[in-house]
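Subject: Structure for you to look through

Dear colleague,

Please find the structure we talked about below, followed by some notes on what I found in it.

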Amino acid sequence: MSEARQIRPAHRPAHLRVPDFGVGLGLRAPHYAAIQEAPGSVGFFEAISENYFGPGGRPLQHLDRVRAQHPLVLHGVSLSIGGPDEPNREYLENLRKLVRRVRPPWVSDHFCFCGAGGAHLHDLLPLPYTAETVERVARRARLVQDFLEVPFALENTSSYLTYSSSQLTEWDCIGQVAEQADCGLLFDVNNVWVSAFNHGFEPRDFVRGLPHERILQIHLAGHTDKGTHLLDTHSCAPIDPVLELYRETLALTGPVSTLLEWDEDIPAFSELLPELARIASVRSEVLG
Amino acid sequence: MRSLDGALHWLTTQVQSPRQLGEPSEAERWIGASARLTAAAQVEIYREQYWLRHIEALREDFPGLVAVLGDDTFAHLAERYLVAHPPQSPTLRDLGHALVSYLEQRLLQPELLLQQELVLPHAPLCLDMARLEWAYVECFDAAEAPPFDLASLERLGADAWAELRLQFSPALRWFEAHYPVADLRRALLAGEPFVPPEPHYEWRAVYRDAEGLLWDRPLPEAAARLLGQLAANEALGKACENVVAELPAAAEAFDRELGDWFASFGRLGWIVGAEAPAIRPS
């Protein structure tokens with residue numbers, strides 16, 4: 001088991017010093033109206049970048065309104081940073097256009113690939129954990145961060161398969177990527193819990209093994225027990241053991257903006273506020 | 001060879017397959033051992049999610065088509081469509097981009113339906129519905145364009161009108177339909193049961209208004225054909241001639257209604273630019 005490191009945010013690389021917005025919520029279309037009626041009730045919002053790539057219409061109108069009242073960060077799901085193909089130039093241009101419109105304090109996507117040979121699976125598929133993957137993803141992450149001119153963070157995904165070619169642990173692999181790319185990390189606590197169950201590793205090893213000073217944001221969500229495996233469905237609140245792992249994470253990172261994701265069976269906005277308060281309470285207990 | 005890209009290409013192919021992995025040893029070549037799941041079962045989780053996710057995304061974009069076909073038949077159509085047009089865009093918004101042409105092709109060549117064991121009841125109606133619903137998708141997030149002030153055209157002389165070229169809103173589509181699909185769609189989405197409608201020939205426009213709301217409305221055939229000519233950057237005079245050549249009855253409609261059409265197009269925000277000798281920037 002790797003030794004825990006107590007890191008204060010001040011030790012972050014200068015270009016990764018971003019604000020702590022407290023507890024936020026993933027921006028979803030069913031909540032647009034309620035958000036307008038309750039400005040300031042949430043610490044920050046995170047928008048899925050690709051949902052706002054269209055050049056006009058209501059999505060951008062809503063995004064502008066949310067941005068006018070709340071801190072907003074962008075989170076992509078389609079960059080495919082580890083895939084066989086180099087990052088798509090048109091995709092990056094669209095993302096940079098959105099970044100210039102929204103001016104988020106950081107942008108994130110996933111440590112994964114989304115397809116090969118021109119196919120796009122719209123999923124976050126795991127990568128083999130090898131030195132070749134580290135080299136590839138680090139090179140591209142640096143390129144993306146330079147291109148967007150804003151701190152860029154990679155998120156650990158939940159996974160349901162492992163490759164026979166993997167030579168590193170997932171946390172060593174993504175940690176090395178972040179160090180070599182000099183980029184940030186978005187740490188998804190629920191994804192660690194899901195992958196740890198599916199692959200039989202100790203989730204605390206993952207938490208302790210990361211370069212904590214690079215964690216710019218934390219994700220929390222719920223998952224579904226399918227019997228043979230856990231599935232990252234974002235369809236319920238995070239379970240208590242995930243919040244306990246979050247508590248341990250915060251003790252290592254210090255104050256980091258934390259976001260609740262909810263994508264299936266989405267409750268009314270007002271019903272999510274108590275969940276955000278529960279997360280805020282854990283934060284207060286750890287951070288004082 | 002177990003190269004990085006070899007693994008990623010192999011997994012992509014397996015995930016996109018409509019059928020489960022056949023040979024377990026093939027998966028074991030690439031996928032690591034797990035105490036919980038076989039190598040093939042690990043891949044199957046992703047394959048199953050791929051099909052669920054993409055068929056659901058098509059359901060969301062084509063709810064009227066789902067209501068006409070029923071869930072199972074729509075899912076079968078969606079699966080065959082996705083095999084023919086696997087997703088390549090980073091956004092799911094583009095997923096249904098070829099469904100209209102896919103259906104058109106199968107109406108022209110019914111043997112394709114047999115080859116693919118695809119039963120498509122009410123096929124012409126389905127094609128009209130797909131055209132309507134894809135027009136809605138395209139207008140939803142098309143580029144913004146401020147409406148053009150038609151008052152600036154009032155000083156144009158008759159010759160200049162003939163030379164007038166117009167630009168239309170990116171959030172405007174129009175199409176020819178053989179069934180009253182727009183009214184049918186509204187009824188179906190309101191929860192009414194599907195009853196096959198009688199054929200009804202019409203042209204219909206779909207557009208987004210200044211508030212970002214989406215609408216559809218019927219268009220006179222001559223007006224629709226004129227829009228087509230003008231959108232192809234034909235000058236107004238020549239555009240009218242071309243329409244009358246293919247639809248002689250349009251001549252009377254132009255004499256009687258052209259001014260009203262233009263006023264309506266302008267009021268609805270459909271016209272976003274105009275170029276004529278007298279108003280061309282110096």
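Between chain A and chain B the count is two salt bridges, where a salt bridge is a side-chain nitrogen of Lys or Arg within 4 Å of a carboxyl oxygen of Asp or Glu. A search of the whole structure, over all chains, finds 38 of them. Please keep in mind that this is a predicted model, in which local features need pLDDT of at least 70 and side-chain atom pairs count only at pLDDT 80 or more, while totals for chains, interfaces and linings use all residues. Residues are numbered from 1 along each chain as its sequence is written, chains are lettered from A and ligands numbered from 1 in the order in which they are written, and side-chain values use heavy atoms, with hydrogens and water left out.

A salt bridge joins the side chains of A:Asp123 and B:Arg53 (3.5 Å, N to O). A:Asp123 is buried, with a relative accessible area of 15%; buried means under 20% relative accessible area, exposed over 50%, and partly exposed in between, with a 1.4 Å probe and protein chains only.

As for the interface itself, 45 residues of chain A are in contact with 42 residues of chain B, contact meaning heavy atoms within 4.5 Å. The area buried between chain A and chain B is about 3600 Å², of which carbon and sulfur atoms give 60%; buried area is the accessible area (1.4 Å probe) that two parts lose on being put together, summed over both. On the chain A side, A:Arg58, A:Leu121 and A:His122 lose the most area to chain B, together 17% of what that side buries.

Within chain A, the side chains of A:Glu135 and A:Arg139 meet in a salt bridge (3.6 Å, N to O). Both residues lie in helix 4 of chain A, four residues apart, about one turn of the helix, and here helices (H or I, at least four residues) and strands (E, at least two) are DSSP runs, numbered from the N terminus. A:Glu135 counts as partly exposed at 44% relative accessibility, and A:Arg139 likewise counts as partly exposed, at 38%.

In chain B, B:Arg204 and B:Asp216 form a salt bridge through their side chains (2.7 Å, N to O). B:Arg204 lies in strand 3 of chain B and B:Asp216 in strand 4 of chain B, so the pair ties together parts that are 12 residues apart in sequence. B:Arg204 counts as buried at 6% relative accessibility, and B:Asp216 is buried too, at 12%. Salt bridges that share partners join B:Asp183, B:Arg186, B:Glu202, B:Arg204 and B:Asp216 into one network.

These two strands belong to an open sheet of three strands in chain B, with the order 2-3-4 and antiparallel pairing; two strands pair if DSSP finds at least two bridges between them. Strand 3 (residues 202-208) and strand 4 of chain B pair over six bridges.

Finally, the largest nonpolar core has 138 residues, and A:Phe45 and B:Leu65 are among those with the most contacts inside it. Such a core is a set of buried Ala, Val, Leu, Ile, Met, Phe, Trp, Tyr and Cys residues joined through side-chain atoms within 4.5 Å.

With best wishes
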